[in-house]
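Subject: The two-chain model, and what turned up in it

Hi,

Here is the structure I promised to pass on. Have a look at it first, then read my notes below.

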Amino acid sequence: MANSELMDFDKALELFEPVLGFEVHVELNTKTKMFCGCANEFGSGANTNTCPTCLGLPGGLPQVNKKALESSIRLGLALGCEIAEHSRFARKNYFYPDTAKNFQTSQYDDPICHDGSITIELESGRLVTVEIERAHMEDDAGKLTHMGGATGRIQGADYSLVDYNRGGVPLVEIVTQMIEGAEHDAPEIGKTYVAAIREIAKALGVSNARMEEGNVRCDANVSLRPRGSNVLGTRTETKNVNSLRSVERAVRYEIQRQAAVLHAGGTITQETRHWHEDTGITSAGRPKSDADDYRYFPEPDLLPMAPSREWVEELRLTLPEPPAARRKRLQAAWGFVNLEFQDVVNSDLLDAVEATVAAGASAQSARKWWTGEIARLANVAGVAADSLVTPAQLAALIALVEAGTLTDRLARQVLEGVIAGEGTPAEVVERRGLAVVSDDGALIAAIDAALLGQPDVLAKIRDGKVQAAGAVIGAVMKAMRGQADAARVRELVLERAATIE
Amino acid sequence: MTYLTKLSAAALSELLISREVSAVEATRAHLDHITAVDTDLHAFLHVAGDAALATAAQIDARRAAGDALNPLAGVPIAIKDVLATQDMPTTAGSKILEGWVPPYDATVVARLRAAGLVPLGKTNMDEFAMGSSTEHSAYGITRNPWDRDRIPGGSGGGSAAAVASFQAPLALGSDTGGSIRQPAAVTGSVGVKPTYGGVSRYGAIALASSLDQVGPVSRTVYDAALLHDVIGGHDPLDSTSLTDGWPSMAAAARDGLKDGALRGVRIGVIKELSGDGFQAGVTQRFNETLALLVSAGAEITEVSAPNFEYAVAAYYLILPAEASSNLARFDSVRFGIRVNPESGSLTSEHVMSATREAGFGPEVKRRIILGTYALSAGYYDAYYGSAQKVRTLIQRDFAAAFSQVDVLMSPSAPTTAFKFGEKLADPMAMYINDVTTIPANLAGVPGMSIPIGLAPEDGLPVGLQIMAPAKADARLYTVGAAIEQLLESSWGHTMLSQAPALTPTEMFASEEGAV
């Protein structure tokens, strides 16, 4: 059956119930690797961050990275997991050139974290609780680059290069229980679940959590159960789906594909599948059976771990507020409507706005500046908005606007000065001479001159045609070279028009 | 300068410290002796003559400058080829590593160098330490200096033969199931397997990680103790390394030389390690030694270790299981030889397969297959799981025995050195040869082999194994040194002075004459 034959999604859901499961790998951002002292660093020269241990040289031995253990426990706690009193590593034996030792040092019987759950909220407001079976530690493989072929895949390549810099980087693999009852929400559950894991890892600071750099990688398991049956269908595991949107698409695709196969009387092969971002389809990988034999056995080169309960409780105290709860709290405190709040969240500016509010700015002003002018400048410069100014600088700028020292237009100029490194907002105002002229004497002189210079306008204002004042305001602003508060000018124009001789 | 090679490390050390002899002279004497005898014996796979002389010259310069040096500074040493050395090829006796020079030193090697010992070269061994005869080396056999038609033991036959034939006063070995102790026994030398975790395994090419332990090989107990003090102690690079502080083994050995050192020492003789399968002359010398110990005031008790019966079976599941995984890294991708398949495409899978086919010898393949099978789904519990349970039972046997006695004793090996080829066709016969030594590895306790005489029927050395509780290595040295002194005074000579001459010079010149 060709990949292109898909069943309509709604029809697939009519006939089958989708059952999901996810394995999410989170790459920890420790300074050094999981089992040796080599730098855990992205972007170094090929095979420079290596040693006898992570290169799998004869005689090399592993040592557990304590920070990685700590990060794993914190991640487990944030996922509501139990932390094992006794945990140990195991060897997962298989031959592949990116795996230097030809076994992965992972965990099998005694994972460090087990039996947790997180509740995610879908756009409809539906709450779904995803049960976490386990979260275990392991080391990452090196990176293979297949050379000479047209596709960059191993098929058709002339040779392959291997870079072991990533080999031995610490990973936490988070495995869910079977997710039943997803129904039409299945694709969105996939996306939202992975987003939640990513957000938690980021909030904890244990991972850079950038999916585009492979810090968070998702394997999605999908099977279909015919309506009315209580027998689980055969599952496929779509590997390395590396964006939130792709998780959603891949789950949807597999439901539609499997439904078409099953409806036509075919069977699903238990296998891994590759996700193709460009075409939006999955294709068969290698067959995977439950009897896949990795010959797991306890890693004899490492001692079992027994994290003390005191330490676990200390780590529990370091957990940040759960991201979902924090979002709820902030939106209520700031009084943002959904659209405003989503704008902030989607622009990854929650931290920036929160810090700006904490520095004294109003929530609305902070939101307006971050998602408006600053985001625009950042976009032009191709950098992150929060790299341009600090929340404290922005709060100071907003304070100047609110005190009437700056108009919005002047404030944008001051912002440019701050970004250019000319100093604090107050210093930029001082140096560029940008403060609003608030000396009513100078303004009144300019207004009087303008009113007297346009007697017809003055007459109209006196007749109650207030909108005519615009012409005078414009002339005054021009005379003041923009350094006047337009609202104050308008006030004074109306006042002077009534009294001027 | 032949006499320099006859000296113990401790005696040589005194001459070096008093500057009567230079490290260069001592090193040259050993290198000359290697040239004279090793073409035939083949204890060494690699001799680093120039590097050794350069190291020795540095030690002499430092000593002349008045630097504070370790007592063993300037003493030559041979290193088993299982240990990574950054200036010498490291093959573990396997063709798959032919010519490989590691980019780093094993921790024990680094400690040797720091202490100023002079590495002479790398010694022969059964491939990846799998064997009891050194016949499984990919680079040819090593002969036993006592009888050139017999095995020097294994896997560390090269280190034992080098020491027994006076090519080096000291050597490093590794012991997974007896690879230090059994070669010591059959060559009339001393070998110690320290407590598991007592000596770093970092840079020791792993056979079975939970059993392997690096240890000293020498001609006297005191020399072994001096070397143990250099190589032992915590190493953060080995997670199984114990963090305990250790007493001086040399001081413990000196305690054994004091009068009455054996008085009141409670010695347990393991019932299960005697009788059937033990050569008559081995049993005879063992019993004579016990009688001597009684006369020196020791108390002998027979103890039972009922689960030792299952030790060999459990060992030959745990070892191959761990080895099958440890040896997976030999895949031609990063180091070692690479062999392309004769036909078929050059995929990494095919190249790995062809390399392992050509690079591993039959015993290695046998154990990889055994271990892969023992770990397979559906068999794990029956094989690996059961073997681990036996291991626990053996640990309990030791605990029960050590609640009654201070040390345990048995013959180090059931027989004296056997002839080349005698057990090659029958792996079980080879495996059962380790029945005496394997329990200590399974339990992680320290064991020592010292020579106790020649078996009357074949005139070949017999070894006594002494075992102590985990971390009580010092007790081995005290008891071992005491017994060694007792035996030598009863004989009127050392064990190895009885060994046959290997060179014409030795045949015609007495030690005194050489001086």
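What follows is a short tour of a few spots in the model.

Some housekeeping first. This is a predicted model, so local features need pLDDT of at least 70 and side-chain atom pairs count only at pLDDT 80 or more, while totals for chains, interfaces and linings use all residues. Residues are numbered from 1 along each chain as its sequence is written, and chains are lettered from A and ligands numbered from 1 in the order in which they are written. Helices (H or I, at least four residues) and strands (E, at least two) are DSSP runs, numbered from the N terminus.

Let's start with strand S11 of chain B, residues 461-467. Seven of its seven residues are buried, so the strand is largely enclosed by the rest of the structure. Buried means 20 or more other C-beta atoms within 10 Å of the residue's own, exposed means 12 or fewer, and partly exposed is in between, with C-beta atoms placed from the backbone. In a regular strand the side chains alternate between the two faces of the sheet. Here both faces are covered: B:Pro461, B:Gly463, B:Gln465 and B:Met467 lie on one side, with B:Val462, B:Leu464 and B:Ile466 on the other.

Which strands does S11(B) pair with? One is S9(B) (residues 407-411), antiparallel over four bridges, where B:Leu408 stands opposite B:Met467. The other is S10(B) (residues 447-454), also antiparallel, with six bridges; there B:Gly447 has B:Met467 as its bridge partner. (Two strands pair if DSSP finds at least two bridges between them.) S10(B) and S11(B) form a hairpin with six residues between them, and B:Gly459 in the turn has a positive phi of about 65°.

Chain A has an open sheet of three strands, antiparallel and in the order S4-S3-S14. S4 (103-106) and S14 (297-298) are at the edges with a single partner strand each, so one side of each has no neighbour in the sheet. S3(A) (residues 90-93) joins S14(A) through two bridges, and A:Ala90 is the bridge partner of A:Pro298.

Now for two helix pairs. In chain B, the axes of H8 (residues 221-231) and H9 (residues 249-256) come within 7 Å and cross at roughly 160°. That makes H8(B) roughly antiparallel to H9(B). In chain A, the axes of H13 (residues 440-453) and H15 (residues 469-479) come within 9 Å and cross at roughly 135°, so H13(A) and H15(A) are oblique to each other. Axes are lines fitted to C-alpha atoms, for helices over the stretch in contact, and angles run from 0 to 180 degrees between N-to-C directions. Under 35 degrees is roughly parallel, over 145 roughly antiparallel, 65 to 115 roughly perpendicular, and the rest oblique.

The contact in chain A is made by A:Ala446, A:Ile447, A:Ala450 and A:Leu451 of H13(A) with A:Val472, A:Ala475, A:Val476 and A:Ala479 of H15(A). (Contact means C-beta atoms, placed from the backbone, within 7 Å.)

Last, A:Ser71 in helix H2(A) (residues 66-78). Is A:Ser71 buried or exposed? It counts as buried, because A:Ser71 has 24 C-beta neighbours inside 10 Å. Leaving aside residues up to four places away in sequence, A:Ser71 touches A:Leu28, A:Thr30 and A:Val206.

Cheers

Technical notes: Two residues are in contact if their C-beta atoms, placed from the backbone, lie within 7 Å.
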